[in-house]
Amino acid sequence: MRLTQFSLLLSAALLSVQALAHDFNAGNIHIDHPWSRALPPVAPTGAAYLTLENQGQQSDTLLSARTPIAGHVELHEHIHQDSLMKMQQIDSVTIAPGQRVEFTPGGNHIMLFELKQPLTDGDKYPMTLIFEQAGEVDIQVVVTADPDNHGNNQPEDHGNHSEHDAHSEHSHH
Ligand SMILES: [Cu+2]
């Protein structure tokens, strides 16, 4: 019974947001294009990816995330161990001022355990990110079978480094 009501609410939420390009702001943190890869309905786990950019003057830290579609959510990273790619839980992800942190397949990701509904291509689902400074922010995650086809690929952008003229003020000879 409760599950049915929940599903109806969720469907309404899914229908109300349709745009594929989407981003969110929380304090000084800009959250760009949260997405999940569509999976077969039997998949017990999934993952969410996004980009976090710190546009403020002090660092902030992503502490955790939660979503009603998963029983349990963890922050994960991929590491190379004995020439194998392994994923493991991380406590948090800190974003320094001006830094951009990408959560991508094969890298950091938000791991979804005990999925309560399938990750179906074209759907969206709500997620809450909890930051140390910015607090809690509600986002919508897009589910897509073809993440490369949304025109949101980040081209290599190295044009934003403001080269600060670093005079060494404490050099003693
Ligand atoms: Cu994982």
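Author: Start with Met87, which is partly exposed because its relative accessible area is 36%. Buried means under 20% relative accessible area, exposed over 50%, and partly exposed in between, with a 1.4 Å probe and protein chains only. This is a predicted model, in which local features need pLDDT of at least 70 and side-chain atom pairs count only at pLDDT 80 or more, while totals for chains, interfaces and linings use all residues. Residues are numbered from 1 along each chain as its sequence is written, and side-chain values use heavy atoms, with hydrogens and water left out.

Reader: Which protein donors does the copper ion have?

Author: Donors are N, O and S atoms within 2.8 Å of the metal (3.2 Å for Na, K and Ca); water is not among the atoms, so sites may look incomplete. Here they are His76 (ND1), Met87 (SD), His109 (NE2) and Met111 (SD), at 2.1 to 2.3 Å from the copper ion. Met87 in strand 6 (residues 84-89) and Met111 in strand 9 (residues 109-115) are 24 residues apart, so this pair links distant parts of the chain. Strands are DSSP runs of E, at least two residues, numbered from the N terminus.

Reader: Is Met111 buried or exposed?

Author: Met111 is buried, with a relative accessible area of 7%.

Reader: What arrangement do the four donor atoms make?

Author: Four donors count as tetrahedral if all angles lie between 85 and 135 degrees. Around the copper ion the angles are 101 to 115°, so the arrangement is tetrahedral.

Reader: Where does Leu62 lie?

Author: Leu62 lies in strand 4 (residues 60-66), and it counts as buried because its relative accessibility is 0%.

Technical notes. Helices (H or I, at least four residues) and strands (E, at least two) are DSSP runs, numbered from the N terminus. Four donors count as tetrahedral if all angles lie between 85 and 135 degrees; four count as square planar and six as octahedral if opposite donors are over 155 degrees apart and all others between 65 and 115; anything else is irregular.
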